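Visitor: I have a structure to go through with you, and I would like to start with the ligand. Could you put it up?

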Amino acid sequence: MPRGARERNRLRSAAQFPLRPPRPSVKSLGFETRVAREKRTTQKDPPPNETKAAPEIAQKLAAKQREISISEFFTKNRHLLGFDSPRRALLTAVKEAVDNALDACEEAEIKPEVAVKIEAVANGAEPPASVFQAERFRVTVEDNGPGIVKEQISKIFAKLLYGSKFHRLRMSRGQQGIGISAAGMYGQLTTGKPTRVISRIGSKKQAHYMEIALDTKKNEPIVGVNRTTDWDRPHGTSVSIEMEGRYAEGRQSIEEYLEQTSIANPHVVLTYVSPKGETKTYPAAVAVLPHAPKEIKPHPHGIELGILLKMLQDTPSRWVSGFLSSDFSRVSPRLAAQICREAGIDPKAKPRRLGGAEAEALYKVIQKTKIMAPPTDCLSPIGEPQILAGLAKQIRADFYTAVTRRPAVYRGNPFVIEAGLAFGSGNFAQKQKEAAEEGPKAEGEDNDKEVEMARLMRFANRVPLLYQQSACAIHKSVIETNWRSYGVGQSRGALPQGPMVIFVHMASVWVPFTSESKEAIASYDEILKEVKLALQEAGRRLGVYVRRRELAQAEFKRRNIFALYIPEVAAATRKLKGKAVDIEALKARLQKMAVKLTGGEKTDALLKKNNPVAQLPSTIVAGEENIKQQAPNDKQTDKRKKRQ
Amino acid sequence: MVRRRLSDVAVKSRLEGLADVVLDAAKKSKDPAISIPVRSLSNVTFDPKRRIIEMGENTQDRTFFNLGMARKFMQTMLIGAACKELFEEKVTTSLRELYYRTKHTLAGSSENTFDDQAESDPIIEDLEVTLDSLREELHVRAESAGTIVGPVTLVDDGDVIDCARLGKGGYAVPSIVEPEEIKIKKCSAKFILLVEKGTQWNRLSEDKFWKKHNCVLLTGNGQPPRGVRRLTRRLHDEYKLPVYVLVDNDPWGYYIYSVVKQGSINLAYESQRMAIPDAKFIGLSSRDPEKYKLPRNVGIKLNDKDISRAKEILAYPWFKKKEWQEEIKHMIASGLKYELDALANKNFRYLTTDYLPRKLREKDWLD
Ligand SMILES: Nc1ncnc2c1ncn2[C@@H]1O[C@H](COP(=O)(O)OP(=O)(O)OP(=O)(O)O)[C@@H](O)[C@H]1O
Ligand SMILES: [Mg+2]
């Protein structure tokens, strides 16, 4: 076997662990498939229609065929892991470290407190003129998690494809065991500096300090400094990476990532020290930790033939029937026997001995057998009250609502979709008042209001997705939802308009990303459907609110209009008729008629009593009362208030 | 036939009627309502005997306690009060000044009484029909954008103006030309030529066409304003002069001619004193390009808007005559429209020396 092929196989087996979650689609994910493809392109396979002189070409090519080091691969495929531009690299590094910190804390059932610090570092003699011009940064992320035992530190931070989450089917932020070591390697490749780690696993143990580089040829850690140290935290981990980067604010910035993280994880306390030296804290809004998700076995409907073959090889079970019932979820011994019978396989056959044809028959029978949906206790959705708390904490709006759908399944993978909406600019009542006090406007001045687009926040297993929005199933579902029927403007094929934040979260044991950089969710029909259903429910509630608000506004306006025009009409009447007209008496009379004609206090009472917004589930409305308080001539309402 | 000009006292009492609407309603606790005649195609009729467009009987109530109408009601009252002020101050004003006079911000809001002049102009027209008073009677001047030259002598504010001695420029026709303001002292012309565009009027004036053919030359620079229409009508009535209208060959030209002849749809209440049912259409006719051998390349392709407008005009009752149907259909069929300016393709004086003389000689016009 040529060395290249061996390397390929090694990588593949590293990636395809027996309990490897079923791959959602052949082309969508596999890191190893991409390695393989990379190999193929390096080998320059002749196109199939070119047939001449194959042996000579093969000879020539053989001279060029050699192993590709992981660093070479990484440099060429930076974009796959989110390191394609200096700006994005900085964000990706923060993201990988923070995701890990949160995963670790939650697994240890510790309330996460994570501190992020970015410092501009002088590259050479001269310090950069401003943080926006700086090209080198130090990213430090510190958590109060369980810490890492010192024997593991080097491998975790300096060996690609090494981790604890890949080999099990459980909902977590990280999946692949690449994240943090890729960030470390990027730092090493761009600055030559090692990753620095401090970790402490308990107050009785000393903290450990380590500087680790990655041997990019062998994918093995090289440990530099390695000693105990003093650290004020009783337990936790601190990772520090120096790297090339670009600091930016606004969209797709570190701040946006942290803000969104804090919305989807309202149990977390985040602190951020920006390169400018400013400290920002994102406090927690809920006291309880999300319930710990359970680990599950793969569902038979979620696997592909290749994975079945691999699982047959790796199973500790001695019988095929035993393999079926113990390595998969929802397969009882009886069902296992039935499947074997229908596939024409002896239930007591040795799994490792099964031939290709038999395995294929087994696979086909599995696919067409009715099997109970996978268990869903492996999922830990954020929850409606938590989403509301997160949104209300970070987004100023007039109306908030949240929907958590019941679990659904795509390709044997259970998942839950959650949606939230924050609508309005949070100063509806204030704005109305301001509009009334704005003063004279010149001709044509009123019409230059801009159309604002809704802001979409996408999350997968509580991690914000900031890139590749238009490639994502969530975006697709949002634009395919008919927002107009909920009283919100929308042009074809676009996000809805207006001051609105749309929050969508997918929780799953396996999120089908379109690439390794984990930024866009693949468009499975089941996922699209669930997202739409969640948005429709949230949208319906929004519609109730918007309609009621319009009603209140119209009523306010109606009375207001008459109140505005009455002095004008009275003054004109007097001008026309002369001094004989008692202008005050006329105004009072017209005013009385106006109140009577707009339904008087009856309308107010009606609006209050049948307030449909108050009856909506998982919904907060801010400043509702203020709208009514402002209606002028609303003496009845005022009196009632005083009496209370 | 023409109704006598209303006295200021009469108009004033009509204006006060607006105030009575409000006061009466307030007394009875009823929604105040002003009854306004409808100004649109649905409410005009063509009287085939008198050959003018007349306003129908339909009216619409403008009430105050109605969200859709409250603003307009308020505006109507404001304009009415401003007209009263004009009487008291003994001045006349323009539409634009009236807009500025009545524009202000409503107390306690950012809303304006009027956002632009397009909002206030129609209110004047509403008042004209409601009070059955012309805008001049309300002391509001129409825009003056017309010129006259020819053997006519006018008296304006005591000044004697001989329109034959004003050089090429002529006399600017004021917006109010009622006998109280302008007297026609003398007129020896044989006919009136009303030209759509200033360019052709200038050409004819420069060439002293009016001298050679003994006529009055008038233009209103596009759709003739009220002063021009009214002066034409007075010359027609008082000196029995035939009126010929010269316009571009396009749907708008036809419509301008019809406004001169039988009045406009929007201001149908004015037909009585403005319309000249005997006016003739001298050109450009859709037959002229052939007759006068205008090359096709000086024509302009009719666009969709032209065609739909031409079809609308075809349907007006006052264009139902056979010759007119043929005239318009011929234009649509040719697919082209022609500007008067295109005659210059022949030579600069073609209009003066060839086109008009031949038209007059051959009595080649449409009625
Ligand atoms: N802050 C930390 N505290 C404790 N354990 C950690 C911490 N960071 C990383 N780990 C451990 O190191 C492993 C490797 O992390 P890494 O980010 O490389 O991969 P991952 O999180 O498993 O997957 P992904 O590539 O999707 O991020 C994790 O699986 C986890 O067990
Ligand atoms: Mg990770």
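Visitor: How far is a polar side-chain atom of A:Asn100 from an oxygen atom of ligand 1?
Guide: Bearing in mind that this is a predicted model, the distance from a polar side-chain atom of A:Asn100 to an oxygen atom of ligand 1 is 2.7 Å.

Visitor: And which other protein atoms lie at such distances from an oxygen atom of ligand 1?
Guide: The side chain of A:Glu96 has an N or O atom 3.3 Å from an oxygen atom of ligand 1, and A:Ile178 places a backbone N or O atom 2.7 Å from an oxygen atom of the ligand. On its own, ligand 1 has 600 Å² of accessible area, and the protein covers 93% of that.

Visitor: Where does ligand 1 sit, then?
Guide: Ligand 1 takes up the space of the second largest pocket, and the elements giving two or more residues to its shell are helix H6 (86-107) and helix H8 (179-191) of chain A. Of these, H6(A) gives the most, with 4 residues.

Visitor: How many residues surround ligand 1, and of what class?
Guide: There are 21 residues around ligand 1, with A:Ser164, A:Lys165, A:Gln175, A:Ile178 and A:Gly179 the closest; by class, the shell has 7 nonpolar, 10 polar and 4 charged residues.

Note on methods:
Residues are numbered from 1 along each chain as its sequence is written. Chains are lettered from A and ligands numbered from 1 in the order in which they are written. This is a predicted model: local features need pLDDT of at least 70, side-chain atom pairs count only at pLDDT 80 or more; totals for chains, interfaces and linings use all residues. Side-chain values use heavy atoms; hydrogens and water are left out. A residue is near a molecule or strand if one of its heavy atoms lies within 4 Å of it. A polar contact is a pair of N or O atoms within 3.5 Å; within protein, one must be able to donate a hydrogen and the other to accept it, and residues adjacent in sequence count only if both atoms are side-chain atoms. Accessible areas come from the Shrake-Rupley method with a 1.4 Å probe; for residues, only the protein chains shown count as cover. On a 1 Å grid over the protein atoms alone, a cavity is a set of points where a 1.4 Å probe fits but cannot get out, and a pocket is an open set with protein on both sides within 12 Å along at least five of seven lines; lining residues have an atom within 4 Å of a point. A molecule sits in a cavity or pocket if more than half of its atoms lie within 2 Å of its grid points. Ala, Val, Leu, Ile, Met, Phe, Trp, Tyr, Cys and Pro count as nonpolar, Asp, Glu, Lys and Arg as charged, and the others, Gly among them, as polar.
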